[in-house]
Amino acid sequence: MARLRRLARALPLAIVLATLAAPPTAALAHAQGSSRRAPARPKARARTVARPTPPPRPTTPRSAEALASDMGAIVGQATRSGRWGVMVVSLTRGDTLYRLNAGEHFMPASTLKLFTGALALERFGPEHRFQTAVLRDGPLRGDGTLDGDIVIRGGGDPALSGRFLRNDPHAAMNLLASLVAGQGVKRVTGDVIGDPTLFEPKGVPDGWQSRYLQSGYAARVSALSLNENLVWIAVSPGAAGGAATVAFEPATSGIRLVNSVQTRKGAGAQVTVRRLPDHGMEVRGWVGTGAGTRRYQMVVEDPPLFATGAFAEALRRRGIAVDGTVRIAPTPDDAEPLTALPSPTMEQLVAVMERESINHYAELLFRNAARDAHPGAPGSAETGNRALGELMTRAGAVPGSVVARDGSGLSVLDQVTPRALVQLLAYGHRASWGSAFHASLPVAGESELLRTRMRGGPAHGNLHAKTGTTNEVISLAGYTTAENGEVLAFAFVYNGTDRWNARVAIDALGETLSGFGRS
């Protein structure tokens, strides 16, 4: 019986498609009764009901041949359309256990973050920290007066936010302002300057669709970024008939805010936000006296100005007077360091990026790694792609097997081969930073984006991998340990629109690999 089941699973795709194309069935029609004999009619042909194709089921193969057969059957029956690319390699024995279109290019979605994480760890090491520096362009007098400008220079820190600081949107800049005060500064006679020149000025990578751009997952890219380049607009009721209170969180003087919200009696609210040509925002509508504070998240169009304005406001909250304005410019050559705020470690940054699939972290890490690999040029997606190609050459990949137009996988122009994904995983597995790379990935049934998937089976608590999801991509790539102790590296990539079925099939593939064993 087991042999018959295995044979059924291994049916060629053409047979499966032919089965799906069979006409539906229906119950035979019943002729109404009559006392007269009805003329003979052609015998009705019974129609068969098209039953939904059952979802692929994981198996527990006990040989390499059985594993390849079972995986082929799962992929073959999984989806009604689209393309699959699959590759599985035993890192323990060094043999390829299964491949399908392994050398063809596919859109990877967020599995591209595996390349970004590996590149960042390779360039900087797990303990590296970025610095958001504050410098002074002028003397600091004995009475605490900085006679000149104060500069905040972006160091490409993706975690300059409240994520690691009690989720308080003001916390990062408040901490930086406290460090400035600790240096004895009480007044700044000049301007507050923001310097984002560590990266190229291009804020939207090639291949990001316009429909993405007002979503939090597609925030703009800058070396001087704050709160993942998202701002909250807090709307609170005032007295009935009067204006509501509208404020940015974090507070910033870098974005113009126009308040056109009125207060009415009641508990509801109707609020809209309109972007202004100067990247400011106008808030319109009404809020009820009993509505409480409503918060609305918006993508910041000019991250450096937003962050610099937030720094200026934090200085004022800390009691440091600022006489000048907020502006963006390169750091003057003769500016002297005043203080700096370090980021979390690279190991922590990569873990947040991989586990929660945060595009903002990926974009900044990608450009930082590019800048480190090519110091003569500012961090850019173009130099990042070049640095990634150099990494993949060291990993044994053929040139052109990875094309990265961004660091996150959101670009529809990104292309990778399943073989390149597995080669990267193999390289990371044996690298000096391999333990940090392994630990950064979500775990099936337990954490982050795999918390609800593959629960209760052999993959639960075992398989750790990066997910990828867009409108046309479902992917998963990572590691699992087979029942006999072999460490397997795998890449499953589906490009098409039948995403629900593809995800079910990918989970079945992951559980099948985790339940695999051979002598």
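Let me begin with the contacts of this predicted model. Among contacts in the protein chain with a separation of 6 or more, 70% join residues 24 or more positions apart. The chain contains 12 helices and 23 strands. Of its 519 residues, 52% are buried.

I turn next to the interior. In soluble globular proteins, nonpolar side chains tend to be buried together. Here the largest nonpolar core has 52 residues, and the members that touch the most others are Phe115, Leu388, Met392 and Phe437. Helix H4, residues 113-124, gives this core its largest share, seven residues.

Which residues does phenylalanine 437 contact, leaving aside its neighbours within four places in sequence? They are Leu114, Gly117, Ala118, Leu121, Glu354, Leu424, Leu425, Gly428 and Tyr479.

Finally, the second largest pocket. Its volume is about 460 Å³. It is lined by 27 residues, and Ser110, Glu356, Ser357, Leu449 and Thr469 are the closest to its centre. At least two lining residues come from each of helix H8 (359-373), strand E21 (464-470) and helix H12 (499-514). Strand E21 supplies the largest share, five residues. By class, the lining of this pocket comprises eight nonpolar, 12 polar and seven charged residues.

Thank you for your attention.

Methods. Residues are numbered from 1 along each chain as its sequence is written. This is a predicted model: local features need pLDDT of at least 70, side-chain atom pairs count only at pLDDT 80 or more; totals for chains, interfaces and linings use all residues. Side-chain values use heavy atoms; hydrogens and water are left out. On a 1 Å grid over the protein atoms alone, a cavity is a set of points where a 1.4 Å probe fits but cannot get out, and a pocket is an open set with protein on both sides within 12 Å along at least five of seven lines; lining residues have an atom within 4 Å of a point. Grid points are joined across faces, edges and corners, and a volume is the space filled by probe spheres set on the points. Helices (H or I, at least four residues) and strands (E, at least two) are DSSP runs, numbered from the N terminus. Ala, Val, Leu, Ile, Met, Phe, Trp, Tyr, Cys and Pro count as nonpolar, Asp, Glu, Lys and Arg as charged, and the others, Gly among them, as polar. Buried means under 20% relative accessible area, exposed over 50%, partly exposed in between (1.4 Å probe, protein chains only). Contact means heavy atoms within 4.5 Å. A nonpolar core is a set of buried Ala, Val, Leu, Ile, Met, Phe, Trp, Tyr and Cys residues joined through side-chain atoms within 4.5 Å.
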